[in-house]
Amino acid sequence: MSRPEVRRNVIVLSLCVALSASAMSLLFTVAAVIGYSLAPDKSLSTLPVSATMIAMMLTTAPSAFMMKRFGRKVGFSVGCLIGMCGAFSGMGAVYWGNFWLICAAGAFIGSANAIAMQYRFAAAEAAPAEFRSRAISLTMLGGVLAAFIGPNLASHARNWVDTIPFLGTFLALLGLQLLLMLAIAQLRLPETHKKIHDEPARPLGEIFRVPGVLVAIVGAALGYAVMSFVMTATPLAILDCDYAFGDAAFIIQWHVVGMYAPGFFTGNLIRRFGSLVIIQAGAVFTLVCLVFGLTGIDLLANFWPALVLLGIGWNFMFVGATTLLTENYRPSEQARVQAINEFAVFGTVAVASLSAGSIYAGAGWSVLLMSAAMPVGLVVLIVAIYAVYKRRLKATAIKSG
């Protein structure tokens with residue numbers, strides 16, 4: 001593809017990320033709150049968010065193989081239709097006061113988001129190798145708009161229908177899906193699903209003996225899981241500290257800014273320092289986030305920096321791990337490897353978000369934050385071991401050469 005075509009696709013894909021991430025941030029802003037008000041057992045209050053993550057996990061493999069057969073645009077359009085089902089389910093949940101319908105809404109939006117997460121792979125496939133990390137990073141940059149669209153829609157649309165709180169929120173969610181469908185129609189992606197590859201796909205056992213593949217999957221899975229684990233419980237913690245719902249929306253908004261604003265420079269940092277250094281930096285940002293959260297409950301001195309740093313840590317780990325993954329599989333293997341990667345990521349995230357509600361309800365905010373430190377430390381350790389392995393491999397190659 002020509003450079004203008006690549007840039008055009010990146011811009012449109014970035015807009016798609018903005019709209020789909022807005023839908024997710026809108027849902028995350030209200031799901032735990034609505035779940036808490038409707039749940040028959042308050043320990044189930046984060047189940048709608050967990051349903052989102054479980055659905056993402058279950059949709060990853062089918063969506064990857066659907067796109068392999070029918071192409072990216074068809075797959076992305078199907079994701080929009082599923083997202084619309086989520087909006088209608090959410091409307092039904094708040095209209096009838098049905099807890100299980102808000103869980104269904106979360107599941108539909110989760111499935112739609114699993115498909116939307118493929119935007120970053122579509123950007124990588126449409127870009128030349130030297131531009132791949134920047135294409136991924138710039139595509140994810142669209143989420144900065146989501147930081148302002150999603151939580152603000154959640155807050156302002158909450159009372160669009162005076163007699164039914166949050167009904168307007170799901171009307172806004174439906175509008176986001178319609179706009180996303182229009183954006184997808186503007187994509188001009190290469191038809192990689194029809195391409196015949198020179199190198200045959202290796203057996204899965206051989207692919208997963210490649211250390212870079214395993215490190216990429218572990219880094220993405222644990223980084224995303226910790227982010228979801230802390231973010232899911234944050235609105236509940238803020239409300240329990242006697243802050244207003246608008247304060248929770250404000251903190252989530254800046255968290256999403258932290259998630260996506262680094263897209264301005266993450267790709268360049270990866271090109272300069274390598275994906276491993278950026279994954280490590282993301283883990284360090286996340287650990288600092290936990291420190292801020294543990295030192296107090298002030299809205300601006302603790303919750304705000306903690307959630308911004310949590311978002312930055314997620315961006316560095318996720319974009320770094322995605323880039324590392326694309327560097328370690330063949331084009332003929334992309335559907336299978338991407339499907340397994342996404343399944344591992346969102347399976348881990350589902351467990352994390354489901355446990356967040358019970359840990360928060362049973363042990364509180366501080367214990368929840370402390371329990372997040374172990375998986376982040378594991379990422380630091382695994383990436384460090386792999387970096388040493390690569391240096392030794394390189395030194396051996398130089399000696400033998």
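Predicted model: local features only at pLDDT ≥ 70, side-chain atom pairs only at ≥ 80, totals over all residues.
The axes of helix 10 (residues 211-240) and helix 14 (residues 299-326) come within 8 Å of each other and cross at roughly 160°. Here an axis is a line fitted to C-alpha atoms over the stretch in contact, and angles run from 0 to 180 degrees between N-to-C directions. Helix 10 and helix 14 are therefore roughly antiparallel, a term for angles over 145 degrees. The residues of their contact divide into 22 nonpolar, 4 polar and no charged; Asp, Glu, Lys and Arg count as charged, Ala, Val, Leu, Ile, Met, Phe, Trp, Tyr, Cys and Pro as nonpolar, and the others, Gly among them, as polar.

Residues are numbered from 1 along each chain as its sequence is written, and side-chain values use heavy atoms, without hydrogens and water.

Turning to the whole protein, the secondary structure comprises 17 helices and 0 strands; these are DSSP runs, H or I of at least four residues for helices and E of at least two for strands, numbered from the N terminus. Of the 401 residues, 57% count as buried, that is, under 20% relative accessible area with a 1.4 Å probe, protein chains only.

Let us close with one residue. Serine 20 is found in helix 1 (residues 3-38). Is serine 20 buried or exposed? Its relative accessibility is 9%, so serine 20 counts as buried. Beyond its neighbours within four places in sequence, serine 20 is in contact with Asn113, Ala116, Tyr119 and Leu180, where contact means heavy atoms within 4.5 Å.

Definitions and conventions. Parallel < 35°, antiparallel > 145°, perpendicular 65-115°, else oblique. Buried < 20%, exposed > 50% of the residue type's maximum accessible area, 1.4 Å probe, protein only.
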